[in-house]
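Please load the structure in your viewer and follow the stops below in order, selecting each item as it is named.

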Amino acid sequence: MNITSETAVSPRVVEQTSTIFAGSYINKLSGEQIEHECRRKLDSGCKELTLDFSQTEIVNSIGISILLGVIDVAEKNGAKVVFSEMNEDTVELFDMLGLTKHVTIQ
Amino acid sequence: MNETDNKLIHAFGALAELGHEITNKNNFQETIRTSLHLLSGALGIRRGAVARYSRFAHELNMLAVRALGDEFPLTLGLTTEDERQFLAIGLNPIEVSQARVLPFFQVYDVSFENKRLELLIPLVVREEIVGAIFLGEKATGEPYTSYDKDIICAMGQHIGVAIAQRNLMAEIERRSEENRQLFDEMRSTYHDTVKAFAAAIDCKDKYTEGHSVRVGRFTEIIATELGWGPDETEGASVAGYLHDVGKLTVERKIINAPYRINAKESAELNKHPAVGYEILQPIHHPYTDVPLAAKYHHERLDGRGYPDGLYDREIPFIAKIVNLADSFDAMTTDRPYKSRRPAIDVVEDLHRNSGRQFAPEIVTAFLSGIFKELSGDDRNKRFRRLLGRDYMETEGLADKIKFTLNELAPTTPMTYVAAAGIGDQPIL
């Protein structure tokens, strides 16, 4: 799975918005990669973090917990989290577990 | 499919993964961290922690913490027996509002309040508290349902078992370490006893003071040179230390006679190997063959030794080693009726008697040990300490040994000399 960011991070440029592309299966390994990348963006001053789920088919429990952790860190940093391009199953899952109450859906 | 069915399927998936995680031999800390993730993810719980209970310190120590911040205490003391009993009642989620009666909750109330913790789940295995789970609010903002609590209990049971298993392992490791220390102490006591015996044996003979100790050391060196493992080498040295234990029953005047003893006295002295065997045989030694080494250390390959006149293959190998170490010490120390022999003579004697009195492979191992030290390849100075620097620095000794080694077993010294980089060509 590839997790890429739209823009490169430079020490002199503060990215106000960033997009992280999640892979097809969000489990412990890929979830921790997403979390690491999100924390890096938030630490560098990002104020709007978009998670793109266009490739995502399955999110397991560990993936849910990690995404809740990302939401928590973003809230503490005063940043907004956007979930985009989710398929129907993912929306249903996130709704059921309450994640969608804390993010903006696109 | 309705939402309840979906929740059930999702939770079952988490439960299955939790079972897999716990039965895998992963790092314990990581297992608990993953377990907390699975529990949080199963029900969409925003924050929480898993703690292990220390029954020695009466504390709950956090093993994994999610989104509770740095100020959340990593250790919670359970101060009274009553609260410990209360928590040990069973694996049931306790609402934080109900748990406020517990003294430790009152101490940490502010932390729990700030972090919006809602449930405390004691982890109880075989009626003993092994840990606890703390859970914050659900991401939906809804209260925990009885269905949620059932899921939490099922997953908590798995986590509790994982902690109990870890505690058991730690206990086994601790006991094993205690046993190891006890074994080391016993071993040390055994060796001290062996050395005390050796000193007692040597006390009987003022001219050969330290003989048993030196034979023990030479025996150890030979075993090392033969490539024996640490336990076998240790056993060999014990055999060396105790080889003359039978002399304790021989009259002092015979042992200390400042002349060549007569046939009658010799017969008396020659009983010491069999007597040594009788003394050592009933003792349960941690090493085999110690009594046999005492019994047969005066046997010779050519069958002219005593007490039984055994031939080569009939003689236990350890006895052959002790025989060489014993003879070498006799030749290299002053006796009442003769001075120590020059080092070159001793090497010649070993060479000449190789295959008659001494086993060639043992002579080779022993001389290789001396040669390594003379050539500087071995800097432990084992022989210098036992024989004295002047004796070891006898002119031509290294060449004599190198020649003898090649004579005894050409392949061994050639390989050794070439590997050590001494001389341009192997000597044939």
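Begin with the interface, where 19 residues of chain A are in contact with 21 residues of chain B, two residues being in contact if their C-beta atoms, placed from the backbone, lie within 7 Å. This is a predicted model, in which local features need pLDDT of at least 70 and side-chain atom pairs count only at pLDDT 80 or more, while totals for chains, interfaces and linings use all residues. Residues are numbered from 1 along each chain as its sequence is written, and chains are lettered from A and ligands numbered from 1 in the order in which they are written.

On the side of chain A that touches chain B, select α2 (61–76) and α3 (88–97) of chain A, the elements that give two or more residues to it; helices (H or I, at least four residues) and strands (E, at least two) are DSSP runs, numbered from the N terminus. The largest share, nine residues, comes from α2(A).

Now move to chain B, which has 19 helices and six strands. Of its 428 residues, 39% are buried, a residue being buried if 20 or more other C-beta atoms lie within 10 Å of its own, with C-beta atoms placed from the backbone.

Show the strands of chain B next: they include an open sheet of six, in the order β3-β2-β1-β6-β5-β4, with antiparallel pairing, where two strands pair if DSSP finds at least two bridges between them. At the edges stand β3 (75–77) and β4 (94–95) of chain B, each with a single partner strand, so one side of each is left without a neighbour in the sheet.

Two bridges join β4(B) to β5(B) in an antiparallel arrangement, and B:E95 has B:L119 as its bridge partner. With β6(B), β5(B) forms a hairpin that has two residues between the strands, and B:R126 in the turn has a positive phi of about 50°.

Note on methods. Buried ≥ 20, exposed ≤ 12 C-beta atoms within 10 Å, placed from the backbone.
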